[in-house]
Amino acid sequence: MKRDPIKFFELNFLELTTELKRRFNRGHYHAAALFREIYKKGKTDPSRAPEFVNSKSFWKQLHSDLEINLYPVTRTVKEKDTIKFVTRLSDGLEIESVIVPMATHCTVCISSQVGCAMGCRFCETATMGFIRNLTVEEIIGQIYSARFYFCVNIRNVVFMGMGEPLNNLDNVIRSIRVMEDQRGLDIPKRYISVSTCGLVPGIQKIAKLNWPQLNLAVSLNAPNDRIRSSLMPVNSIWPMLTLREALLNFPMKKNGALYIEYVLIKNINDQRDHAHQLAQYLKPLKAKLNLIPYNSRRQSLFLPPSPGETSRFLYWLVQENIFVRKRSSKGQDIMAGCGQLCNAQRSRSYNGPPKLIQAFP
Ligand code: SF4
């Protein structure tokens with residue numbers, strides 16, 4: 001009977017070492033070779049590494065157990081330097097990820113689920129409904145593709161793609177443990193952000209891990225419960241005061257802050273008294289507010305604010321002594337902005353050839 005596979009992208013270095021020890025009485029030396037070849041050199045066929053060339057019978061045993069699963073990038077769409085890419089999973093479902101260039105490095109925005117169950121009214125992904133959670137290797141695979149398929153210098157990872165990460169929390173936590181491993185992707189928690197629509201039990205569970213370096217972003221989008229419940233069904237279960245209580249207990253590093261996302265929607269949450277209510281809500285929190293002008297989705301019920309309306313709301317918040325930044329959603333034209341990731345088949349395609357590395361299938 002075939003044994004359970006060793007899924008390479010699901011394990012950090014210590015876990016892989018333990019597994020090699022348990023199965024083959026090998027360990028650190030060969031785990032280090034696999035991590036070096038796959039994560040540092042981007043080679044998905046490590047058989048030619050000296051550690052395995054010199055130990056052919058072991059490689060044969062290992063090879064029959066080891067799974068290095070990467071899923072193909074089937075489409076890419078590009079706007080300026082922002083790239084949205086679609087990955088096809090083994091069951092044929094597709095997920096989207098976005099590479100956003102920054103001054104000296106890139107950020108990759110990754111998905112944690114196929115679709116989403118949370119039903120936020122302004123969100124493109126919500127129209128898909130929930131299909132399934134991503135596995136750890138499917139989450140890690142998106143970062144690996146960004147780094148080795150598109151050959152970009154990925155430093156930051158944000159869980160802001162398709163899905164609510166706290167609804168797939170065990171796999172998100174495990175994937176963070178994999179991505180921060182210095183022998184592997186080497187992306188420390190301070191460069192990782194998890195974004196939630198406000199699932200209080202999930203926030204409390206992360207708080208218990210006591211990871212003050214990890215960044216938490218909360219998609220708030222409303223100044224009061226009435227508006228928030230009308231935009232985000234999650235608010236009917238965990239209203240704003242309950243959410244704030246959980247945020248007040250979230251561990252943070254010295255000088256750290258929560259990120260509060262506020263998608264500004266014309267005539268919905270953009271009035272003067274909304275700015276005041278929002279400021280009152282935020283006052284007890286150590287938080288930075290990101291103001292994001294709404295991007296219209298297909299057949300949207302809502303309108304984007306004009307640049308003048310956005311500036312006016314921003315000004316009101318500054319008057320209320322709120323630390324606020326206006327964030328443009330890079331990649332709006334390719335539906336790669338906030339809340340706009342959805343199966344990309346309908347998007348216009350980009351035919352520019354990404355640079356393939358030799359070892360990528
Ligand atoms: S905004 Fe986030 S949580 Fe809400 S439906 Fe969209 S993907 Fe899900």
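User: Against which elements do the buried residues of helix 2 pack?

Analyst: In this predicted model, the buried residues of helix 2 pack against helix 1, helix 3 (50-53), helix 4, strand 2 (66-67), helix 5 (136-149) and helix 6 (169-179). Helix 2 itself covers residues 28-40, and its buried residues are His30, Ala31, Ala33, Leu34, Phe35, Glu37, Ile38 and Tyr39. Glycine 42, whose phi is positive and near 75°, follows helix 2.

User: Why are helix 1 and helix 4 called roughly perpendicular to each other?

Analyst: The axes of helix 1 (residues 13-24) and helix 4 (residues 56-65) cross at roughly 115° and come within 12 Å. Angles of 65 to 115 degrees count as roughly perpendicular, and helix 1 and helix 4 are therefore described as roughly perpendicular to each other. The crossing of these two helices, helix 1 and helix 4, is right-handed.

User: Which residues make the contact of helix 1 and helix 4?

Analyst: On the side of helix 1 the contact is made by Leu20, Arg23 and Phe24, while helix 4 contributes Phe58, Gln61, Leu62 and Asp65. Sorted by class, the residues of the contact of helix 1 with helix 4 are four nonpolar, one polar and two charged.

User: What makes helix 5 oblique to helix 6?

Analyst: Helix 5 and helix 6 pack at an angle of about 45°, and their axes are 9 Å apart. Angles under 35 degrees would count as roughly parallel, over 145 as roughly antiparallel and 65 to 115 as roughly perpendicular, with the rest as oblique, so the angle makes helix 5 oblique to helix 6. The crossing in which helix 5 passes helix 6 is right-handed.

User: Which residues of helix 5 and helix 6 meet?

Analyst: From helix 5, Val136, Ile139, Ile140 and Ile143 meet Asn171, Val172, Arg174, Ser175, Val178 and Met179 of helix 6. The contact of helix 5 with helix 6 consists, by class, of seven nonpolar, two polar and one charged residues.

User: Why is serine 195 called buried?

Analyst: Buried means under 20% relative accessible area, and serine 195, with a relative accessible area of 13%, is therefore buried. Serine 195 is found in strand 10 (residues 192-196), and, leaving out residues up to four places away in sequence, serine 195 touches Phe159, Met160, Glu164, Pro165 and Ala217.

User: How do you know that lysine 80 counts as exposed?

Analyst: A residue is exposed at over 50% relative accessible area, and lysine 80, at 73% relative accessibility, therefore counts as exposed. Lysine 80 lies in the loop between strand 3 (73-79) and strand 4 (82-88), and its phi is near 50°, a positive value in a residue other than glycine.

User: What makes asparagine 267 exposed, and where is its place?

Analyst: The place of asparagine 267 is in the loop between strand 12 (258-264) and helix 11 (272-282). Although asparagine 267 is not a glycine, it has a positive phi of about 65°. Most residues other than glycine have a negative phi.

User: How is the chain divided into domains?

Analyst: The chain is divided into domain 1 (7-67) and domain 2 (73-346), and the C-alpha centres of domain 1 and domain 2 lie 35 Å apart. Between them, 17 residues of domain 1 are in contact with 15 residues of domain 2.

Note on methods: Residues numbered from 1 in each chain as written. Predicted model: local features only at pLDDT ≥ 70, side-chain atom pairs only at ≥ 80, totals over all residues. Heavy atoms only, no water. Helix = DSSP H or I, 4+ residues; strand = E, 2+ residues; numbered from the N terminus. Buried < 20%, exposed > 50% of the residue type's maximum accessible area, 1.4 Å probe, protein only. Contact = heavy atoms within 4.5 Å. Axes fitted to C-alpha atoms, helices over the stretch in contact; angles between N-to-C directions. Left-handed = near helix turned anticlockwise from the far one by under 90°. Nonpolar A, V, L, I, M, F, W, Y, C, P; charged D, E, K, R; others polar. Domains from an automatic or database assignment.
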